[in-house]
Amino acid sequence: MPGVGVKIYSVFFKLLLRHKLQSLAAAAAAAAAGGEDDAAAFGVSCRADEATAPSNPAFSAADGVASKDLHIDPNSSLSVRIFLPTPPPRPHSRRASEPPPATANGGSAPYRGYLPHAVSSPRAAASARRRLPIVVQFHGGGFVSGSSSSAANDAFCRRVAKMCDAIVVAVGYRLAPESRYPAAFDDGVRVLRWIAKQANLAMMSKVGGGVDTFGASTVEPWIAAHGDPARCVLLGVSCGANIANFVTRKAVEDGKLFDPIKVVAQVLMYPFFIGSVPTHSEIRLANSYFYDKSTCILAWRLFLSEKEFSLDHPAANPLAPDRGWPPLKCMPPTLTVIAEHDWMRDRAIAYSEELRKVNVDAPVLDYKDTVHEFATLDVFLKTPQAQACAEDIAIWMKKYISLRGHEFSY
């Protein structure tokens, strides 16, 4: 069982969360009465009362990961935070074995970006740069809170980038109730298409070892220079797992729209699944730690409009009948992470079982004495369970993103 400190913290956490959801519901009702449609269309991707971590374009001395923020859609608040692990070797400037130059504050020098003229030919330039897999990450928060730049999400993404040796693109999707369904899901699709666009622009811009005018104006250098679109993994946390699963299905259904992106796997961390017929864990653990069922239903009411609210909505229940998705046998390998004291666990297990029935690699990692968001909530990030979970995810993920293909996996 979780310790006394966790139990006490959970009580206050749930009280504050319910108060926050009720305040958001009241604000949404007032906005609807005032007809503030333009503000709702643009949306918000973070809350002013939540702690955030600044981006750092320097390679951190602590973890060797650089980060930066991008606002990728002028018509909405959709943004991303990109994490790039360890500086790539720079030909003609220093040997690959040498560490990056240090800055005055003890960190490494900022990443200077795309260097198309650093080598003599496009072939040499391509071979000189490391190509890293791309992990697209969707944060949790019940669709109504959290952000790609929150302190907890920043720390988690840095951990993933370092352990998996991958570029992590954390998605700052629009939050409810300002932007209800399908805004967050559409934002996930939009980000994946944006990454595909960057990969295409990078290929188009390789003219004589340089970058042409068209590509230079819009290409994102970290992804263009170091990202491998053929090795893309989607990772979702809590409600972010629902978004990741939706985007994966869209990639399976309309693969040509995302070319050259190839989603080779997805990771669903304690997905925010629910349904109208309660499972055993939903009954037994309905009042469990941090996120009890009644509070989560209130979050779903803020995310779904009153007209379409249903616990068997396709966004909430991936196994609901008549969901209209591609066959599950077309889904990529799917790792599911669950917690022992989480009322959502049974439905996540059931989804994984359905995938295995159609021969999809879909293991489940079940962690003892843990609660919902045990590996991503700020108070748990430094616990042994959180560290072990990240390591287990990295081990499994490398089975599908490694160019060598001989890593141990489950």
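This dialogue covers a pocket and a helix pair in a predicted model.

Q: Which residues are closest to the centre of the largest pocket?
A: A pocket is an open set of points on a 1 Å grid over the protein atoms alone, where a 1.4 Å probe fits, with protein on both sides within 12 Å along at least five of seven lines; lining residues have an atom within 4 Å of a point. Here the largest pocket holds about 790 Å³ of space. It is lined by 30 residues, and Phe13, Lys20, Glu50, Ser145 and Leu377 are the closest to its centre.

Q: Which elements give two or more residues to that lining?
A: They are helix H1 (4–34) and helix H4 (151–164). The largest share, nine residues, comes from H1.

Q: How is the packing of H4 against helix H12 described?
A: Two packed helices are described by the angle between their axes and the distance between the axes. The axes of H4 and H12 (residues 384–401) come within 9 Å and cross at roughly 45°.

Q: Which residues make the contact between H4 and H12?
A: Contact means heavy atoms within 4.5 Å. H4 contributes Arg159, Met163 and Cys164, while the H12 side includes Ala386, Ala390, Glu391 and Ile401.

Q: What limits apply to the model?
A: Local features need pLDDT of at least 70 and side-chain atom pairs pLDDT 80 or more, whereas totals for chains, interfaces and linings use all residues. Residues are numbered from 1 along each chain as its sequence is written, and side-chain values use heavy atoms, without hydrogens and water.

Methods
Points joined across faces, edges and corners; volume = space filled by probe spheres on them. Helix = DSSP H or I, 4+ residues; strand = E, 2+ residues; numbered from the N terminus. Axes fitted to C-alpha atoms, helices over the stretch in contact; angles between N-to-C directions.
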